[in-house]
Amino acid sequence: MRRPHSFSTIANTRNPSVQRCAPLAAVIVASLACFAVSAASEDLQHDAAQAPSVWKWGGVYKTDLLRTNAPRLTTGVGNLNLRVDGDAAALLGWDDTALHTELLWNHGGKPNRRVATVQGISNLEVAQSAARMYASWIEREFKTSGTRVLFGLYDLNSEFYATDASGLLIHPSFGIGIDFSQSGRNGPSIFPNLGLSLRIRQALADGHYVQVAAIDGVPGDPDNPGRTVIRLRRDDGALLVAEFGWQERDADGPKPGHWGIGTWRYTQRSERVDGGAPQPNQGVYALAQTLLFDRDAARTTGFVRAGAANRRVNGVDLAFDAGVMVERPLGEGGPSAFTAGVAVARFARAQRAAQAALGVASASNETALEVGARWLPLPSLALQPLLQQVWHPGGRSGAAATIVGLRLEWTLGPSKP
């Protein structure tokens, strides 16, 4: 029988001072090191520009410094992402082909686990701190037909179930909805465990598109979450994903207008929450993003997303999130952006019944609110103070948690935060 989703167990705290300080100290040391590297990288990029290369590199180091009240915890989480892009035409003579690879180094504490939420708190936390290979693929564009074909290790949330306006919020559900991210034996192919994938994206008339992907049904190794493993087994099956939508564009590239509807399904059946016969694990989602206000002082973009998953095999059957991003809310002299969002996860009836059988009084949902402001004191540095409030974390009726924090983001290479 599959164990019901329960997040009521808090990590061992026999040495609370060590557990609080060690991850935070490691994150601070790594942050200072990456800041020094980011300062030096501008000179490296300038030198590289003088001599064009078939290789381009870049990266970003992000860290979240967080303090929670339930339990009382001060900790940090860090993530270093380094990427390299190759010119396949110059290297191999393949026109209209891109080569891409990324490396990750994740470290720090486990605030999501300690606060025991279902949706999480920080989108940087991983099950096991480690250095690992990340998105690594080859993509061919067929310009006459508007078709792009990608093969390799692929983060499906880079293109599926994604809205730009939610990207600055650190709560995990603003990246991909909990209805989809909870699925599968080792999750779908998203941060930090990616599976071997084949993705086809077709551009249609008037900004419309359709994209489909076939992905390893069990990315990575569930028993060794810190390793990047490509292991295709018949019993693992595949994850099939499709999305149809519209993306507003002009001569300068994508614009805020965006909507999409998607569906996903695992080819292998999944165990039911109540221990009954396995059933298909599948779901649907929809998303919309639009420009709400466009004034000289500020531009406001809003987003809304919702998804549903099979309630018999998933702890959360419905998810909803919405929010806004206000660019330059106080003009050029203030923060670069203000962000706010709310995310709701509704627990399935079978999940609540399983919890009740264990004597646990559960709420019908977990709801999280996040607000933050983003500042750019340096071209390569972004600071984002934030506040989160979580009601019924892990479905615990009557419980609540408040999180205050700061995200620091150092960009390495030509891109700016």
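Aromatic pairs and a buried histidine

Trp264 is buried, at a relative accessible area of 1%. The model is predicted, so local features need pLDDT of at least 70 and side-chain atom pairs count only at pLDDT 80 or more, while totals for chains, interfaces and linings use all residues. Residues are numbered from 1 along each chain as its sequence is written, and side-chain values use heavy atoms, with hydrogens and water left out.

Me: Is Tyr266 buried or exposed?
Reply: Buried means under 20% relative accessible area and exposed over 50%, with partly exposed in between (1.4 Å probe, protein chains only). Tyr266 has a relative accessible area of 5%, so Tyr266 is buried.

Me: Which geometry do the rings of Trp264 and Tyr266 have?
Reply: Rings of Phe, Tyr and Trp (its six-membered ring) pair if their centres lie within 6.5 Å; planes under 30 degrees apart count as stacked, over 60 as edge-to-face and the rest as tilted. The search of the whole structure finds seven aromatic pairs. For Trp264 and Tyr266 the centres are 6.0 Å apart and the planes at 85°, so the pair is edge-to-face.

Me: Which residue forms one aromatic cluster with Trp264 and Tyr266?
Reply: Trp264 and Tyr266 belong to one aromatic cluster.

Me: What is the distance from the backbone oxygen of Gly120 to a polar atom of the side chain of His171?
Reply: His171 is buried, with a relative accessible area of 1%. From the Gly120 backbone oxygen to a polar atom of the His171 side chain, the distance is 3.2 Å.

Technical notes
A polar contact is a pair of N or O atoms within 3.5 Å; within protein, one must be able to donate a hydrogen and the other to accept it, and residues adjacent in sequence count only if both atoms are side-chain atoms.
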